[in-house]
Amino acid sequence: MLLGRDLADRVVAITGASSGIGAATAVACARRGMRVGLFARREVRLEKLAKEIREQGGEVETVVGDVRDRDAVAGLVTAVTRRWGSLDAIIANAGFGIVAPVATTPPEQAREIFDVNVLGTVWAIQAAWPVFEVQRQGHIIIVSSVLAQHGLPANSLYSATKAAQSVMADGLRVEAETVGIDVSVVYPVGTDTEFFESIRKSPDRERKLGSALPSGPRQTADQVAHAIVDCLERPRFEVYPYRAARLVPWADALSPKLIAKMLRFPEYYRRQMGIEGETGTKPEGEA
Ligand SMILES: NC(=O)c1ccc[n+]([C@@H]2O[C@H](COP(=O)([O-])OP(=O)(O)OC[C@H]3O[C@@H](n4cnc5c(N)ncnc54)[C@H](OP(=O)(O)O)[C@@H]3O)[C@@H](O)[C@H]2O)c1
């Protein structure tokens with residue numbers, strides 16, 4: 001078996017590190033001796049996490065900012081390279097979800113989700129790229145979602161942002177390998193984090209349903225973090241922290257209708273939106 005990379009003293013920068021998968025990954029990386037740069041908007045949460053990492057003997061730097069602000073993301077890379085002299089990996093993880101039909105998603109939310117999930121990823125890549133290019137090595141890890149593989153009703157815009165990350169990575173991978181940079185995309189399934197609390201809900205859905213959570217396979221943030229650390233050690237293009245999820249693209253390629261049928265999408269959608277009765281039922285009197 002090939003030995004993995006030695007992670008000790010390597011430098012990793014993580015966006016969306018104040019909670020969930022990002023925070024768990026920061027802790028897991030620090031435990032392996034990596035130096036970690038943390039980025040998110042909630043300063044108190046970042047400082048609390050940084051304190052925990054320092055108390056365990058880890059080295060950490062925090063930068064408060066919004067991934068929609070390209071200069072702020074560049075500031076993360078500047079801060080870690082100034083402190084440690086290099087950057088070995090960037091993890092574009094910051095993101096959030098929306099539960100609403102495309103047709104009635106408020107325009108400001110539609111814009112925000114692409115700004116954060118897609119452009120926030122682009123800004124992270126662009127910030128790290130010049131450093132990686134000079135070093136002729138580096139690792140870009142993008143936290144997408146299994147929903148990139150097949151859009152979920154009531155989550156269509158979220159799925160679209162995750163698919164955008166994934167498809168962007170197909171081309172990026174080739175652009176990157178010419179300068180010695182690795183690219184990986186992580187496809188978690190439903191993960192127990194604050195993601196479901198911070199979800200922007202359709203005004204209709206909130207009125208009718210409250211905060212019912214989607215069903216399906218679940219995993220912990222630590223399990224996703226473990227898969228990411230493993231990928232830092234042994235880079236590969238696709239990472240499925242929940243193994244069975246790697247069957248989704250295969251099933252989709254075999255029959256695009258299969259997953260929709262298996263997961264009973266119309267019922268799922270009605271449940272999510274609090275719609276009673278059948279969707280698509282024909283008007284009375286029609287055969
Ligand atoms: N949980 C799931 O079921 C699941 C499944 C598949 C994929 N994912 C993906 O995993 C990633 C992490 O999500 P999570 O589950 O760990 O959720 P989470 O606990 O809500 O964490 C989201 C992180 O993103 C940060 N963030 C959000 N908007 C930001 C912005 N504008 N600027 C900077 N940071 C921002 C948040 O920090 P601040 O609020 O402090 O800025 C937080 O640290 C996301 O990309 C998500 O799409 C999650």
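**Exercise 1.** Which residue in β2 stands opposite I14?

*Solution.* The model is predicted: local features require pLDDT of at least 70 and side-chain atom pairs pLDDT 80 or more, whereas totals for chains, interfaces and linings use all residues. Residues are numbered from 1 along each chain as its sequence is written.

Step 1. Helices (H or I, at least four residues) and strands (E, at least two) are DSSP runs, numbered from the N terminus.

Step 2. β1 and β2 run parallel and are joined by five bridges; two strands pair if DSSP finds at least two bridges between them.

Step 3. The residue opposite I14 is L38.

**Exercise 2.** Determine which way the residues of β1 point, and whether they are buried or exposed.

*Solution.* Step 1. A residue is buried if 20 or more other C-beta atoms, placed from the backbone, lie within 10 Å of its own, exposed if 12 or fewer, and partly exposed in between.

Step 1. In a regular strand, side chains alternate between the two faces of the sheet.

Step 2. V11, A13 and T15 point one way from β1, V12 and I14 point the other way, and all are buried.

**Exercise 3.** Check the length of α3 and describe its buried side.

*Solution.* Step 1. The expected span is 1.5 Å times one less than the number of residues.

Step 1. V73, L76, V77 and V80 are buried in α3. Seen down the axis, the buried residues of α3 fall within an arc of 85° (taken from the directions from the helix axis to the C-beta atoms), so they line one face of the helix.

Step 2. The face turned away from this buried side carries the exposed residues D71 and R82.

Step 3. After α3 comes G85, with a positive phi near 80°.

**Exercise 4.** Describe the residues around the ligand.

*Solution.* Step 1. Of the 30 residues around the ligand, G16, G20, R41, R42 and G95 come nearest.

Step 1. α1 (20–31), β8 (190–192) and α6 (195–198) are the elements that give two or more residues to this shell. The largest share, three residues, comes from α1.

Step 2. The shell divides into 11 nonpolar, 13 polar and six charged residues. Here Ala, Val, Leu, Ile, Met, Phe, Trp, Tyr, Cys and Pro count as nonpolar, Asp, Glu, Lys and Arg as charged, and the others, Gly among them, as polar.

Key:
Near = placed C-beta within 6 Å.
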